[in-house]
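Welcome, and please load the model in your viewer. We will go from stop to stop, with something to select at each one.

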Amino acid sequence: MKIVRSILLVFTIGIISSLALIYFYLIQRDFTKNHREFLILLNNMQRDQSQLNYLILENSIYIYQNQDKIKDKIDELLSECNSLSQSTLLKDTTYKQIDLDFISLKKKVDINLENIENYLMFNAGIKNSLLFLTRHIENSEFLDIKDNHLIIKANHILKHFYNAKKIQDLDYLDKKEFLLKSDSKDKKIQKFIKKFNLHSNFLMNNYPSYLNSVDAILHNNIYDSMIEMNSQFSQLALKDFKALDRFAIILFIIFVLSFSMMIFLLYSYMKKNHTLQITSESLKHSLTYDQLTDLYNRKALEHKLNHISKPTILLINIDGFKNINDIYGNKIGDSLLIKISKLLVLKFSTYNNADIFRLGGDEFGIVFDNIAKENVCDIARNLEIEISKHKFNFNELKLYISVSIVTNNIFPIMENADLTLKLLKQNPTKRVMRYTDELNLKKSVEENMKIVEIIKDAISNDRIIPYFQPIVNLQTLKIEKYEALVRLKLKDGTILSPFKFLEISKKSSHYYEITRIMIEKVIEIAIKYPQYRFSINLSMLDILNEKLISILFRCFNKNLSVVSRIDIELLESEFLEDTDKVQEFIERIHSYGSKILIDDFGSGYSNFSYFSELDIDIVKIDGSIVSEITDNTRKLHILKTIYQFTTEMEMVNIAEYVENREIAIILKDIGVKYAQGYYFSQPLPKPLESDEVTL
Amino acid sequence: MLKSIMLKLILQIVIIINLYGNEPISPIPLHNHINLEKAILGKALFFDTRLSKDNTTACVNCHDVSHGGADSNRVSIGFNGKEGNIQSPTVFNAKYNFKQFWNGRANNLYEQIDGPINNPVEHNMNAKMLEKKFNKLKKYKRKFLQIYGEPKIKYRYIVDAIVEFEKALTTPNSKFDKFLRGEDTLTKKEKNGYKLFKQYGCITCHNGINIGSNSFQRMGTFLKYKSIKKYPDRETITHKKVHNNVFKVPTLRNINLTAPYFHDGVTKTLKEAIITMAKYNLGIELSDEEVKDLTLFLNTLEGEKPKILDSK
């Protein structure tokens, strides 16, 4: 994100600098345009000023001239002056001096124009009089030789006037001698003299003004001022242009920097992106591949199954893999898995319609697309044999393993295969199994689901009930105790045995409920039947379950007066290592005055070692022994031995499965204290009022 | 001796004659580029008395187009019959004048119009009044909208239209112009008149396209010209003594039509005007013959009546 922000920032700077460049370009363009226009105008003014000077010069030389030329030139000059005065540059403080210069220049121009007006005004009279005098002398043929001096004098005066005009010097005029004089009485002569003197006088009077006006025009320093202004302006403009140049360079550098930064950032962004891509690819890989074996994983399998029309799976499970891990360590376990995966790859890489998966733990799967089921069975059998014969070498260690293989091509593929594997695992003799609908696996699942529903229903409708089977004292033939057995009453009144629902309930929280209900109800009954003792079944595993134990003792604590008549029958279905906990429990039970029974002794996991560690009060001899003592003398021996042993350990026996009178008599003869079985009574909804039995 | 003097003299004259410039008068161009639409609108305005406060005075009152564009009265009569203070100069070819008014107080025709419009003895109006008045005139409003693209008539549009009309008031194809272009010949007397015109120095001031109107000159350069009263001369603008009695040199085109003459309108005939000018500004006495020839020459300066006056 940081890099993206940086890119955005640099990008913004780039855009701003580009905009600044454009803005600068526009300013610079305007600036240059203004400068150029200003200079052009100034140059034009210079040109027109010099042309005007030239025209004035021409005017002064020629007797007459088309003065429109002067007028037009003045118009041009004034319009240029006007344009220049409107130039935006002059408003700029940098060009303040130029503005001031221009204002004074404008004044000079105006004065000069006024001078030109005056010059033209005076010049006309001067020229005309000079012309007149010339013409006057020209028309003097009538004069006699004796009046020659008049001509000479007239020419002299005229020459002086011309020279004074040319030299532009008043000193050149003979101020005393510019008039003609004659004593002649000739009227013509006098008239000639009078006319001449009239103009000569006029010239003498007007020459000063005329020469002044000429002088003013000649000595106007407008052109110099213009040149001065031009150079000053150029200097200032040069400074401005240099500043602009610097600014442009700075802008350009910023632009280039931001541009290269952008490229760099984009590059690193792309690089980062590339790393991300690699990471995401490896993540993707790990999503579909198993990390350890690099085979496809379970997810990939699901995907595969969804995308092929006729899948067949080969589900391979390593037997006792947990033991391998436990014995040899996870390292060997992992490397075994890798070796197996290599073996599978080697075997199935030739199949172009097979994909190999590791489904986690010790399970592998081969998925075939469109393959005959007979072939699959063959492949599975061969594979099983091959693996079982394969020697897995881990340095010194050599291992042989066996696998269970399930094949299935019936939807839902995985579910069916898993169920079949479970079934296969229960059968230690079979290694390969094919799923068929006939296995009824699914049905049992459905049934289980149904039973869970039933349990739930029964709990909420108080249909978990205890049944009671009497335990008879063979010596006195009196019922002393009852074993409480859990039953589930269906809606229609049918009573379900625990083996139909208890195992399933253990997989849900309902088991606690059932246990609690049983304890409460048995206590209730025990209150009603104070003449009997009652026993409740718990498994060894239950004792290790703290929640269940706390339920039990909570009930016990509520009914302290009764619980001394409540005994606990412990049933072990698996060998229990932590007997300390169990002994702890037993001691606690004893503190209530209750007794501990060991159930089903003589079969399964129940064994003698218990007696060394656990304070057991009563031993229930397993029905598989009791029911056969009439036919099987070995069993009779076992029974007798148990009796002897327990009696010596000061424990009491209860024989289960007493199904006929014969057995009861043998048991009585041996000395077994209690018996329980169909011969006396099947489990009943409630204890009998009478404790009498007959043998 | 005399011979040598004469020789010198002749030489001098030759030199002087050689110093004459090119022909100092130029003909009026035959093609006058104007915006006809505007000019026609301007013409209507020029003839419209509503341009004055009391609806009596139009421009044309004092610039009589049938009188060479000038006033036949000594001085102009304007608002409420009041007398103006100077003789109206001709409006014909006014666009060639280097400045407007006798004393050149306006630099161009646009500035010039302000004068008579605002003058209390002429139109006695001002810009605001004019706008108010003319914006009520639907016909004008339509015209102005058509030409200037704005629904409201502005004073500067009125001025612009009138100026455009005035620019159309040129009088080309005078006999003299044709002579200059080599299309016509002058009679001997006319030619002589022109020669005198140049020789005596009239040309010094009366040159250029408008034969005058490109410089200022004192009335009475040579001899003091006595006026009956003080006229608004150049001095009233520049406040310089040297400009006393100085006026813009008037055009000589159509001079035979624009009597009376000079700023004071005292001189009634062209002949008198020629004599007066020769006397006061040149210091010359002209013979009757010379006056006649000069008059004949000046008559050749009458041009064609501006075409715009014929169009509706």
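Start by colouring chain A by confidence: its mean pLDDT is 87, and 98% of its residues reach 70 or more. Here pLDDT is the predictor's confidence in each residue, from 0 to 100. This is a predicted model, in which local features need pLDDT of at least 70 and side-chain atom pairs count only at pLDDT 80 or more, while totals for chains, interfaces and linings use all residues. Residues are numbered from 1 along each chain as its sequence is written, with chains lettered from A and ligands numbered from 1 in the order in which they are written.

Within chain A, the lowest confidence falls in helix H19 (residues 609-613), with a mean of 79, and the highest in strand S16 (residues 674-675), at 94. Helices (H or I, at least four residues) and strands (E, at least two) are DSSP runs, numbered from the N terminus.

Now select residues 222-288 of chain A, which form helix H6. This helix has 67 residues and reaches 95 Å from its first C-alpha to its last, close to the 99 Å expected at 1.5 Å a residue; the expected span is 1.5 Å times one less than the number of residues. Which residues of H6(A) are buried? They are A:Ile222, A:Met226, A:Met229, A:Phe233, A:Ala237 and A:Ser258. A residue is buried if 20 or more other C-beta atoms lie within 10 Å of its own, exposed if 12 or fewer, and partly exposed in between, with C-beta atoms placed from the backbone. Helix H1 (2-61) and H3 of chain A are included in what covers the buried residues of H6(A).

Click on A:Met229: leaving aside neighbours within four places in sequence, it is in contact with A:Leu42, A:Ile98, A:Asp101, A:Phe102 and A:Leu105. Contact is counted when the C-beta atoms of two residues, placed from the backbone, lie within 7 Å.

**The cores**

A:Met229 also belongs to the largest nonpolar core, which has 89 residues. Along with A:Leu42, A:Tyr119, A:Ala154, B:Phe197, B:Tyr200 and B:Leu298, A:Met229 touches the most other members. The largest share of this core, 15 residues, comes from helix H3 (residues 96-138) of chain A. Apart from it lies another core, of 66 residues, including A:Ile454, A:Phe501, A:Ile596 and A:Leu639. A nonpolar core is a set of buried Ala, Val, Leu, Ile, Met, Phe, Trp, Tyr and Cys residues joined through C-beta atoms within 7 Å.

**A covered strand**

Next, select strand S14 (residues 618-621) of chain A, where both faces are covered: A:Ile618 and A:Lys620 on one side and A:Val619 and A:Ile621 on the other are all buried. Strand S13 (residues 596-601) of chain A runs parallel to S14(A), joined to it by three bridges, and A:Ile598 stands opposite A:Val619. S14(A) also pairs in the parallel sense with strand S15 (residues 652-655) of chain A, over four bridges; there A:Val652 is the bridge partner of A:Ile618. Strands pair if DSSP finds at least two bridges between them.

**Where the chains meet**

Show both chains: 33 residues of chain B are in contact with 32 residues of chain A. On the side of chain B that touches chain A, H1(B) gives the most, with six residues.

**A last stop in chain B**

Finally, select B:Tyr155 in helix H7 (residues 155-168) of chain B. B:Tyr155 counts as partly exposed because it has 18 C-beta neighbours inside 10 Å.
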